[in-house]
Amino acid sequence: MAQRNNKSTKTTIKLKKVLTGIRGFDEITNGGLPKDRTTIISGNTGCGKTVMSMEFLAKGALEYGEPGVFLSFEETGDELIVNMESFGFDLENLIKKKKLYVEFLEIDKSQIIETGNYNLEGLFVRLENAIDKVGAKRVVLDSLDALFGGLDYEILREEIKRLFKWLKQKGITALVTSETGNKVIIRESIEQHVADCVILLDNRVINQTSSRRLRILKMRGSVHGNNEYPFIIDRDGMSVLPLTSELKNQSLSTHRITSGIKDLDVMLDGKGFFRGSSILVSGSAGTGKTSVAISLINETCKQKMRGLYCAFEESVSQITRNMLSIGLKIDPFINSGLLRFYSSRPSLENLELHLISIRKIIDEFKPEIIVLDPVTNLMSEGINSEVRLLLAHFVDFLKGRNITTLFTAAITLETIKSNPSDEGISAMMDAWILVRDIETNSERNRGINVLKSRGMNHSTQVREFVITDKGINLLPIYLSPEGVLTGSAKLEHTLHKDEKIELHKNKIKNEKGKIARKRELLQEKTDLLKSQLESEIDELNKAKAKYDLKEQKNESNKTEILNLRNRTKSSSEKSKGRNK
Amino acid sequence: MSKPIRQSRYKYGAAPGRGAKPEYILRLFVSGLLENSVRAIKNINEICEKHLKDNYELEIIDIYQQPELAISEQIIVIPVLIIKHPLPERRLIGDLSDIEKVLQILNRN
C-alpha cells in the first residue's frame, strides 16, 4: 500500500509499467502495461486478443523472467498450445520449465441453475492455486464473456471488481479479454469504472484486405496516444507500427554517397547524395527509374555496404536479368549476402504489413541502404492522409537509423497536376530526381533533372540520359535555336550543323581565295600603275633634264654671246677710243 | 481467507453396508465458513433430512482444503451443489435458499 504523504511535500508517484515485449507496443505506451493493474483487451472475433495476451505471457517468461498463468474459458490447454505454435510460441517448453501454467475453465451455461446467493470464490481459489504453482507475476483471463452467460450481472460486476483488486494486492499485472458489443451495459460500467486500462483491437476489411488496428481507449495515470495504430500478426507474433507525430531529432551525417552515375554526381554538387538522406526517383513508365536505383545499389555494394532492395513490381530474377543487359552485375552481391531482396506483389496486402515486415528485416539484417521500387504500388488508392502518415513515419524511422533510402515512383509533374496529393510524397524526400520524357518529332528521349536536393548546390539543368549496355550515361545539353534537342533530332541537327559548318568553311575558303586573287590583281594593277608612273616620271625627268640641259646651254650660249659681245664691245670701244 | 475446517463430511441416510445404493448422491462445494457457504450447508442439511430421508449421500467439500477437486470438478462459482446421481448431472449454484427450486430439481428425477 502506498504511504500517505505529507500535504506539504509534493511527490510524484509515477505509474510503473511492465514491458510486454510486443514489438512496437511498448513504444506507444511508453513502457508497456500498467504494473499490478488489470488491462482489458476488447475486440471483435478474430482480432487477436488471445494472441496478444499469450505473447504478453510468453515474452514475460522468456525475456523478463516473469512466469505467467493463462486461464482460458474458451479453449482447452492442448488446443491453445497447438494454435499458438503458428505464431512462434513454444508453450510446451515454457510449461515444462514451469514458466507458464495453462488451465481451462469450463462453464457450461446450460447446467447452471441459481438457487440463491453466490460468488466466484471458486475462480479465486483456482487462480491462486495456479499462481502459486509457477510464482506468476502475469495473468491472463481469456475471456471475460464466458462468465457472463447465465450468471447474475450484479454479482458478476462486484466479483470482477473484487478480482481486479485482489490481483493488484498480489502484485500481478493482468490482462483480461472481452468481446466488444457483448453485454454492452455491463461492459461499459466495468470499462468505465473498474478497469485501469482498456485497449481496443479491431480487424476491419477495407477493399478486400484486412487491416488490423489497435487503440488505447484509456490508461489511468498515463499520458497515451489516442490514435489508432496499425499492427500485424504473423509467425513472429504481434507487431505494432508505432506511429508518432514528433519529428525526431536526428543527427545527420555530412558524408556523401555516390549515385553510381558519374555525371549525376556532378549535378549533385559534384559529390553525390548525403548519406542517410531520402531520395525520390520519379518518372512515367519505362523511363529508367529501376536502372537508376540499381546503379546506386551496385555502387554501394561495391563499397561493401549492405543493401536491401524491396521490389514491388518485378521479381528478383527479372531485375537481375534486366540489369545485366545494362552492364550491372548484381548476382555476386546477392550470393555473398551483401544485397538482400524483399519482393512481394502488394495487390492484396496493405502498406502496414509491408512496412512492418521490412522493419523486421532491417532490425535483423541492418542494411545501410534501402530501395523501394516502386513505392506507389503500395498505395492502392493513391496517397491519402493515413498512408502519408505511415510513409512519413517510415522515412523518419529510416533517417533515425541513418539508412540511405531511394524510392521510385510513377509520379511526374503532370500527374501532380491531376493528383495533388502525389506531391505529398515528394515533400517528404530530401532529394527528388525527375526522369522526364522529352518528346519531339514523334520520338521520346529521356532527360534527367534534379528537381530538388536539400542542403546542396545542385544543378538545375535537364540533361539527356541514355541507357547503354555499359550503364547509364548523361549527355551534355544540346541547345539549338528551336530549343533543346535530344535523340535523333539532335543527331540530325548536329549533322546539319556539321554540314553547315563545312559549307561555311568552304565558303570562307572560297572567299579567302577570292580576296587573295583580288589582292593579287590589285597588286598587279598597282604595280603596273606604279611602273607606268615611274616610267612617266622617268620621262619627265629626262625631259626636264633635257630642258635643263638646253637651258643650261642656252645660258651658257647667252653668256658666251654676251662675253663675246662684251669683248667685241670693249674692243670696239678701244678702237673707238683710239679713233679720237 | 481460507480457514481450516473439518475434513469433508459424509452423511449417509442409510447405514453403510446396507447394499442398496442411495438414490441421491450430492456434492456440495463450499469456501470455508463464509456467509454463503454456511447458509448453504445449513440449507442442504435441512433439505436432506426433511425430504430425502436416508436416501442420500452427501459430501461437503471445502475448496480451500482440496483445491485439486475444485479443478477437476471445474468449480468456479461457490457454493455449488452437484447432483451426481441420479443422472443427468446437474449443478445448482447459490446458497440453496430457494428450497422450492432445489426440491423441484431433485424431484424431477
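Helix α5 (residues 121-134) of chain A lies across β4 (68-72), β5 and β7 (138-142) of chain A and runs at about 155° to β5(A). Contact here means C-beta atoms, placed from the backbone, within 7 Å, and angles run from 0 to 180 degrees between N-to-C directions of axes fitted to C-alpha atoms, for helices over the stretch in contact. Helices (H or I, at least four residues) and strands (E, at least two) are DSSP runs numbered from the N terminus. This is a predicted model, in which local features need pLDDT of at least 70 and side-chain atom pairs count only at pLDDT 80 or more, while totals for chains, interfaces and linings use all residues. Residues are numbered from 1 along each chain as its sequence is written, with chains lettered from A and ligands numbered from 1 in the order in which they are written.

Chain A holds an open sheet of 9 strands with mixed pairing, in the order β5-β4-β7-β8-β3-β9-β10-β11-β12; strands pair if DSSP finds at least two bridges between them. Because β5 (100-104) and β12 (237-240) of chain A each have a single partner strand, one side of each is left without a neighbour in the sheet. The twist averages 20° from one strand to the next. Within this sheet, β3 (residues 38-43) and β9 (residues 197-206) of chain A are parallel over 5 bridges, and A:G43 stands opposite A:L201.

Turning to the two chains, their contact takes 19 residues from chain A and 25 residues from chain B. On the chain B side, β5(B) gives the largest share, 4 residues. Strand β6 (residues 112-114) of chain A runs parallel to β5(B), joined by 3 bridges, with A:E114 opposite B:I93.
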